[in-house]
Amino acid sequence: MNKLMLDQQLSQLTNARMRIGIADLAEDAELQPAPIIERHLAKWEFTEEGEHVRLYFNHCQFLAVPVQEEVGFALEKDAIVLTALDRRGKLKYTITFAK
């Protein structure tokens, strides 16, 4: 997904509620998955180098999601789901935005 398409999607999702899941794909990963957290998308921005998008929960706390590799949006029942794969970090991000 290119940055323009990502920009258009995220612009529509500001102020949405997010459910954030991060799966560790490493061979030696913990068997117990990390808990899903819920936050509000206060704002977002691309990092200076353009490798990540910062999803802000408030004016200073954010989650940086890689956008250089595999990124996709899917429309589900009452939500939009962003998935991103970080091959280097061996992580998969699944962020569900409530409509």
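Residues are numbered from 1 along each chain as its sequence is written, and side-chain values use heavy atoms, with hydrogens and water left out. Because the model is predicted, local features need pLDDT of at least 70 and side-chain atom pairs count only at pLDDT 80 or more, while totals for chains, interfaces and linings use all residues.

Salt bridges were searched for across the whole structure, and 6 were found. A salt bridge is a side-chain nitrogen of Lys or Arg within 4 Å of a carboxyl oxygen of Asp or Glu. One of them joins R17 to E38, with the closest N and O atoms 3.2 Å apart. This pair links distant parts of the chain. R17 belongs to strand 1 and E38 to strand 2, 21 residues apart. Helices (H or I, at least four residues) and strands (E, at least two) are DSSP runs, numbered from the N terminus. R17 is partly exposed, at 42% relative accessible area. E38 also counts as partly exposed, because its relative accessibility is 38%. Here buried means under 20% relative accessible area, exposed over 50%, and partly exposed in between (1.4 Å probe, protein chains only).

A salt bridge also connects E48 and R54. Their closest N and O atoms lie 3.6 Å apart. E48 is exposed, with a relative accessible area of 69%. R54, in contrast, is buried, at 16%.

E70 and R87 meet through their side chains in a salt bridge of 2.0 Å, N to O. E70 is partly exposed, with a relative accessible area of 42%. R87 counts as exposed, at 52% relative accessibility. Salt bridges with shared partners also join R17, R19 and E38 into one network.

Negative charge also gathers in a surface patch made up of D24, E27, D28 and E30. Patches are made of residues with over 30% relative accessible area and no salt bridge; like charges are joined within 9 Å, and nonpolar side chains (Val, Leu, Ile, Met, Phe, Trp, Tyr) within 5 Å. Lys and Arg count as positive and Asp and Glu as negative, with His and the chain ends not counted. The place of a charge is taken as NZ of Lys, CZ of Arg, CG of Asp or CD of Glu. D28 counts as exposed, because its relative accessibility is 70%.

Aromatic pairs number 2. The rings of W44 and F46 have centres 5.5 Å apart and planes at 85°, so this pair is edge-to-face. Rings of Phe, Tyr and Trp (its six-membered ring) pair if their centres lie within 6.5 Å; planes under 30 degrees apart count as stacked, over 60 as edge-to-face and the rest as tilted. W44 and F46 are both buried. Y56 and F62 form a tilted pair, at 5.1 Å centre to centre and 50° between the planes. Y56 is buried, at 8% relative accessibility. F62 is partly exposed, with a relative accessible area of 37%.

K90 and L25 are 65 residues apart in sequence, and their C-alpha atoms are 5.0 Å apart in space. M18 and K92 are 74 residues apart along the chain, with C-alpha atoms separated by 16 Å. M18 lies in strand 1. M18 is buried, at 0% relative accessibility.

Backbone angles were also examined. Most residues other than glycine have a negative phi. N15 has a positive phi of about 80° although it is not a glycine. N15 is placed in the loop between helix 1 (3-11) and strand 1. N15 is exposed, with a relative accessible area of 52%. K90, also a residue other than glycine, has a positive phi near 55°. K90 lies in the loop between strand 7 and strand 8. K90 counts as partly exposed, because its relative accessibility is 44%.

Key
Accessible areas come from the Shrake-Rupley method with a 1.4 Å probe; for residues, only the protein chains shown count as cover.
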